[in-house]
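Thanks for coming, everyone. Please have a look at the chain on the screen, and then I'll walk you through a few parts of it.

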Amino acid sequence: MAGTTPIPKKQAPPAAVRNAGPILTVLKRVFAAHLAEGDTVVEIAAGSGYHAAIFARAMPQFIWQPTDPDAEARDSITAHATAENLDNLLQPLELDASAAVWSVTAASAILCVNMIHISPWEATLGLFAGATRCLPSGGPLVIYGPYSLDGYCIADSNIAFDQSLKARNAAWGIRDVTDIAAVAAERGFRHEEIISMPANNMMLVFRRAS
């Protein structure tokens with residue numbers, strides 16, 4: 001019908017579908033140790049919203065707040081949230097990790113999946129700055145993606161991926177765990193875990209110390 005607003009389309013990138021299960025396994029363990037029923041998890045750079053829908057359904061004891069700076073991504077998140085119709089899955093908020101002011105001011109935990117390598121380093125700095133503002137003492141910040149460790153990529157495929165990222169945007173690229181941990185320490189976070197994940201990825205678990 002002419003003039004009808006189109007219904008946002010749910011997106012489900014193949015990588016998100018593949019890694020949802022392994023990420024969920026880690027989150028259940030980490031969150032069980034640090035969160036209480038009714039606590040809010042803020043997802044930074046939630047992308048398509050596929051993870052938000054999966055994780056909110058699998059962990060109904062937590063409130064899930066997805067965010068993303070991109071309008072098209074937020075449309076997809078909205079479509080997932082509408083389709084799931086879960087009480088604990090909120091509508092997305094616009095949020096740029098690098099911004100000095102966030103649209104959320106408090107969180108019990110923060111999750112960030114596959115943002116750091118496809119954003120300028122300022123986004124990583126902003127992620128930890130924002131987490132410092134939002135998280136209570138002991139609150140976890142969990143990030144996932146491809147990283148190098150002490151200057152070495154863990155697989156040839158990651159080296160090639162890093163080169164392709166930098167060819168697309170010189171400000172992008174696989175970051176080193178040591179550099180990320182240094183930023184975390186400056187912002188008052190303890191680096192608690194490095195967890196090897198499928199497809200040469202890692203999950204890094206930080207907790208706000210003070």
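What pLDDT does the protein chain average? The average is 93, and 96% of the residues score at least 70. pLDDT is the predictor's confidence in each residue, from 0 to 100. Over residues 1–7 the pLDDT is below 50. Beyond near neighbours in sequence, that stretch has 0 contacts in the model, a contact being heavy atoms within 4.5 Å.

Some ground rules. This is a predicted model, where local features need pLDDT of at least 70 and side-chain atom pairs count only at pLDDT 80 or more, while totals for chains, interfaces and linings use all residues. Residues are numbered from 1 along each chain as its sequence is written, and side-chain values use heavy atoms, with hydrogens and water left out.

Now to helix α6, residues 177–186. Helices (H or I, at least four residues) and strands (E, at least two) are DSSP runs, numbered from the N terminus. Which residues of α6 are buried? They are V177, I180, A181, V183 and A184. Buried means under 20% relative accessible area, exposed over 50%, and partly exposed in between, with a 1.4 Å probe and protein chains only.

What do the buried residues pack against? Their partners include α4 (121–134), β5 (140–145), β9 (189–197) and β10 (201–208). Look at the start of α6 too. There, a side-chain oxygen of D176 reaches to within 2.9 Å of the backbone nitrogen of T178. After α6 comes G188, with a positive phi near 85°.

Next, the sheet. Three strands form an open sheet in the order β7-β6-β8, with mixed pairing. Two strands pair if DSSP finds at least two bridges between them. β7 (152–153) and β8 stand at the edges with a single partner strand each, so one side of each has no neighbour in the sheet. β6 and β7 run antiparallel, joined by 2 bridges. S148 stands opposite C153 in β7.

Last, cysteines. The structure holds 0 disulfides, a disulfide being a pair of cysteine sulfur atoms within 2.5 Å. C112 counts as buried, at 1% relative accessibility. C134 also counts as buried, at 8%.

Note on methods. A polar contact is a pair of N or O atoms within 3.5 Å; within protein, one must be able to donate a hydrogen and the other to accept it, and residues adjacent in sequence count only if both atoms are side-chain atoms.
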